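These are my notebook entries on one structure. I set down what I looked up, entry by entry.

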Amino acid sequence: LKCDRCHEMYEDDNDFTFFYDKSEALGAAMDDDWIEKDGKHYCHSCYEGSEEDGTLKIKPSIPKEVFKLRKLLMEYESNYAGIAEHIDDFTVSCYLRSNTLPDKPIMDMIAFILKGFVWEHKLLKIENCFNCKLIITIKK
C-alpha cells in the first residue's frame with residue numbers, strides 16, 4: 001500500500017510491506033492512522049485533523065518534480081534519496097558515491113527538472129569518509 005501523496009510505502013510495526021491481500025494491508029494501515037478518502041490512501045504525515053470531527057484536510061500535493069529529482073539521484077548518484085517536507089520547502093537528500101558534487105550533466109538535469117522552482121544545493125562533507133551528503137532544498 002502506497003500513500004497517494006508522498007508515495008511512502010506502508011510498513012507495519014514489524015517492517016512488513018507485503019500482505020496476504022489488499023484488504024489485510026488496508027486494515028493494518030488504518031490501524032496505524034492511515035486513511036482512505038475518495039479512493040486514495042494517505043499516511044499520517046499527509047493529512048491533518050480527523051474524519052470523526054469533520055476537520056480532515058489532505059495536505060497539498062507534492063510537486064511531481066520532487067519525485068523526478070529523487071528518481072534521478074537514485075539512478076545516477078545514490079542507492080537511496082529521501083524526501084523531507086518542511087513548512088516552507090522540501091528537501092531531497094542523498095549520500096553520494098564520491099566526495100564532490102555530481103558531474104555537470106547531472107547538475108544540468110537537476111536544473112532542468114527544477115526549472116521554475118527556487119532551489120539551492122549544499123554538499124556536506126563527512127569526516128573520515130570518502131562520501132558526502134547532497135541536500136537540495138526546493139521552496140514551496
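Entry 1, conventions. I take two strands as paired if DSSP finds at least two bridges between them. Helices (H or I, at least four residues) and strands (E, at least two) are DSSP runs, numbered from the N terminus. I note that this is a predicted model, in which local features need pLDDT of at least 70 and side-chain atom pairs count only at pLDDT 80 or more, whereas totals for chains, interfaces and linings use all residues. Residues are numbered from 1 along each chain as its sequence is written, and side-chain values use heavy atoms, with hydrogens and water left out.

I looked up the strand order and found an open sheet of four strands, 5-6-8-7, with antiparallel pairing. Strand 5 and strand 7 (119–125) are at the edges with a single partner strand each, so one side of each lacks a neighbour in the sheet. Neighbouring strands of this sheet are turned by 20° against each other on average, direction ignored; the axes here are lines fitted to C-alpha atoms, for helices over the stretch in contact, and angles run from 0 to 180 degrees between N-to-C directions.

I then listed the pairings strand by strand. Strand 7 pairs with strand 8 in the antiparallel sense over seven bridges. Lys125 has Cys132 of strand 8 as its bridge partner, and Trp119 stands opposite Ile138 in strand 8. Six residues lie between the strands in the hairpin of strand 7 and strand 8, where Asn128 takes a positive phi near 60°. Strand 6 also pairs with strand 8 in the antiparallel sense, over seven bridges, and Thr91 stands opposite Thr137 of strand 8. I checked burial as well, where buried means under 20% relative accessible area, exposed over 50%, and partly exposed in between (1.4 Å probe, protein chains only). Strand 8 is mostly covered, with six of its eight residues buried.

I searched for nonpolar cores, each a set of buried Ala, Val, Leu, Ile, Met, Phe, Trp, Tyr and Cys residues joined through side-chain atoms within 4.5 Å. The largest has 32 residues, and Leu69, Leu73, Ile110 and Ile136 have the most contacts inside it. Two or more residues each come from helix 1 (22–31), helix 2 (64–76), strand 6 (89–95), helix 3 (104–113) and strand 8 (132–139). Helix 2 gives the largest share of this core, five residues. In soluble globular proteins, nonpolar side chains tend to be buried together.

Which residues does Leu69 contact, leaving aside its neighbours within four places in sequence? With contact taken as heavy atoms within 4.5 Å, I found Val92, Ile110, Ile113, Leu114, Ile136 and Ile138 for Leu69.

I compared its span with expectation, which is 1.5 Å times one less than the number of residues. Helix 2 has 13 residues and reaches 19 Å from its first C-alpha to its last, close to the expected 18 Å. Its buried residues include Glu65, Phe67, Leu69 and Arg70. Among the elements that cover the buried residues of helix 2 are strand 5 (81–85), strand 6, helix 3 and strand 8. Lys71 is also placed in helix 2, but Lys71 is exposed, at 53% relative accessible area. I recorded one distance for Lys71: Ser50 is 21 residues away in sequence and 32 Å away in space, C-alpha to C-alpha.

How many disulfides does the structure hold? I found zero, a disulfide being a pair of cysteine sulfur atoms within 2.5 Å. The closest cysteine sulfur to that of Cys43 is in Cys6, 3.7 Å away, which is too far for a bond. Cys94 is likewise in no disulfide, its nearest cysteine sulfur being that of Cys132 at 8.6 Å. Cys43 is buried at 5% relative accessible area, and Cys94 is buried at 1%.

Asp33, in the loop between helix 1 and strand 1 (35–37), has a positive phi near 70° although the residue is not glycine; Asp33 is partly exposed, at 48% relative accessibility. Asp38 lies in the loop between strand 1 and strand 2 (40–42). Its phi is positive, about 55°, and Asp38 is not a glycine. Asp38 is exposed, with a relative accessible area of 74%.
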